[in-house]
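Please keep the sequence and the model at hand while reading.

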Amino acid sequence: MTTPSTALITGASSGIGRALAQRFAAAGHALILVARREAALQELAQELRQRHNITVTVIAHDLSTTGAAAALMQDIEAAGLEVDILVNNAGLGFNGAFVDSELPQIQAMLQVDMIALTELCHLALQGMKRRGHGRILNVASVAAFLPCPQFAVYAACKAYVLSLSESLRHELRGANISVTCLCPGATATEFHAVAGNEGTLIMRMMDSPEMVAEQAYRATLAGRGMIISGWINKPLPFFLQLLPRSWAMSLAGRAARRQVA
Ligand SMILES: NC(=O)c1ccc[n+]([C@@H]2O[C@H](COP(=O)([O-])OP(=O)(O)OC[C@H]3O[C@@H](n4cnc5c(N)ncnc54)[C@H](OP(=O)(O)O)[C@@H]3O)[C@@H](O)[C@H]2O)c1
């Protein structure tokens with residue numbers, strides 16, 4: 001695929017999504033930025049237009065509502081835009097026991113982390129297939145490799161994202177459309193404040209969103225299947241295979257538990 005092409009990035013108002021937008025912009029891609037916080041998106045868009053002389057379209061959208069993906073794609077079509085690269089980055093998680101969690105929080109997580117992501121893949125793929133090219137980057141997590149007590153629904157969502165991405169990649173062989181799944185470890189973003197991770201071991205060592213975005217960008221453009229960002233996280237799937245599953249889950253649960261000061 002020749003640059004510039006248009007990348008749709010969800011969750012671009014902060015963290016990894018914001019860093020991805022900066023990385024794609026530096027390479028000359030036109031951007032469609034999506035999240036709920038319009039002011040943050042507009043500010044980023046203005047900065048990227050000035051710095052990189054690219055076209056940036058902002059669409060403020062809540063992906064936690066039913067039918068959000070279809071409505072977003074309609075807005076994109078109405079603006080006369082096409083999605084060459086889909087970056088499904090928007091996501092959230094909540095730290096806590098499943099039984100004590102609020103059902104609306106769980107529903108929002110399922111909707112954003114899985115349903116909107118799946119629907120956007122399906123909708124964007126129609127145009128990609130017609131045009132004969134495309135790239136998808138789905139953001140999962142190292143939590144995709146293991147059930148994670150305290151993050152039960154989040155880890156299950158991310159396992160789904162990894163599984164879906166790998167299947168789609170296989171189905172699309174020969175179609176000139178690549179599907180890459182990014183699995184970051186703990187990364188210094190607003191995710192942890194939203195999730196309520198303060199005081200957990202997860203926050204002891206975190207990667208920078210810029211490093212994660214750089215590795216993800218390269219993997220996407222190279223058409224790689226899966227990228228685990230951060231050197232310390234890369235051997236994780238290998239080590240997890242060596243441990244009894246119940247031990248590995250206990251370790252994951254301990255890392256997610258808030259420490260008493
Ligand atoms: N940080 C980590 O340690 C870590 C590790 C592994 C994987 N990840 C994954 O990385 C991705 C990015 O997270 P991050 O770490 O960069 O966290 P972040 O800074 O909290 O960013 C999350 C992004 O998702 C957007 N978002 C959340 N709910 C939304 C909704 N209902 N509709 C539309 N957009 C929504 C947020 O924008 P608005 O609030 O403006 O809507 C924000 O732009 C997520 O998929 C996360 O699961 C993060």
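## Asn-89 and its contacts

Leaving aside its neighbours within four places in sequence, which residues is Asn-89 in contact with? Asn-89 is in contact with Thr-10, Gly-11, Ile-16, Gly-17, Leu-20 and Val-139, where contact means heavy atoms within 4.5 Å. This residue is found in the loop between strand S4 (85-88) and helix H4 (103-131). Helices (H or I, at least four residues) and strands (E, at least two) are DSSP runs, numbered from the N terminus. Asn-89 is buried, with a relative accessible area of 10%; buried means under 20% relative accessible area, exposed over 50%, and partly exposed in between, with a 1.4 Å probe and protein chains only. The side chain of Asn-89 also reaches the backbone oxygen of Gly-11 at 3.0 Å. A polar contact of this kind is a pair of N or O atoms within 3.5 Å; within protein, one must be able to donate a hydrogen and the other to accept it, and residues adjacent in sequence count only if both atoms are side-chain atoms.

## Basis of the model

This is a predicted model, in which local features need pLDDT of at least 70 and side-chain atom pairs count only at pLDDT 80 or more, while totals for chains, interfaces and linings use all residues. Residues are numbered from 1 along each chain as its sequence is written, and side-chain values use heavy atoms, with hydrogens and water left out.

## The sheet

Seven strands form an open sheet with parallel pairing, in the order S3-S2-S1-S4-S5-S6-S7. Two strands pair if DSSP finds at least two bridges between them. Strand S3 (56-60) and strand S7 (226-228) are the edge strands, each pairing on one side only. On average, neighbouring strands of this sheet are turned by 15 degrees against each other, direction ignored. Such angles run from 0 to 180 degrees between N-to-C directions, and axes are lines fitted to C-alpha atoms, for helices over the stretch in contact.

S1 and S2 pair in the parallel sense over five bridges, and Ile-9 has Leu-33 as its bridge partner in S2. S5 and S6 are likewise parallel, with six bridges; here the partner of Arg-135 in S6 is Ser-178. Strand S6 (residues 177-183) is joined to S7 by three bridges, again in parallel, and Leu-182 has Ile-227 as its bridge partner in S7.

## Buried strands and covering helices

Six of the six residues of S2 are buried, so this strand is largely enclosed by the rest of the structure. Ala-30, Ile-32 and Val-34 lie on one side of S2, with Leu-31, Leu-33 and Ala-35 on the other. S6 is also largely enclosed, because seven of its seven residues are buried. Ile-177, Val-179, Cys-181 and Cys-183 point one way from S6, and Ser-178, Thr-180 and Leu-182 point the other way.

Helix H3 (residues 68-78) packs on the sheet and touches strand S1 (6-10), strand S2 (30-35) and S3, its direction making about 145 degrees with that of S3. Helix H5 (residues 152-171) lies across strand S5 (134-139), S6 and S7, and runs at about 155 degrees to S6. Thr-220, in helix H7 (residues 209-221), is buried with a relative accessible area of 0%. Not counting residues up to four places away in sequence, Thr-220 touches Ile-85, Arg-135, Leu-137, Ser-178 and Thr-180. A polar atom of the Thr-220 side chain lies 2.7 Å from the backbone oxygen of Ala-216.

## Two loop residues

Gln-150, in the loop between S5 and H5, has a phi near 80 degrees, a positive value in a residue other than glycine. At 25% relative accessibility, Gln-150 counts as partly exposed. Asn-176, in the loop between H5 and S6, has a positive phi of about 60 degrees although it is not a glycine. Asn-176 counts as exposed, at 53% relative accessibility.

## The ligand

The ligand is surrounded by 30 residues, the closest being Ile-16, Arg-36, Tyr-154, Thr-187 and Thr-189; a residue is near a molecule if one of its heavy atoms lies within 4 Å of it. An oxygen atom of the ligand is 2.8 Å from an N or O atom in the side chain of Ser-13. A ligand oxygen is 2.8 Å from a polar backbone atom of Asn-89, and a ligand oxygen is 3.0 Å from an N or O atom in the side chain of Lys-158.

The protein covers 96% of the 870 Å² of accessible area that the ligand has on its own. Accessible areas come from the Shrake-Rupley method with a 1.4 Å probe; for residues, only the protein chains shown count as cover. Helix H1 (15-26), H5 and helix H6 (191-195) are the elements that give two or more residues to the shell around the ligand.
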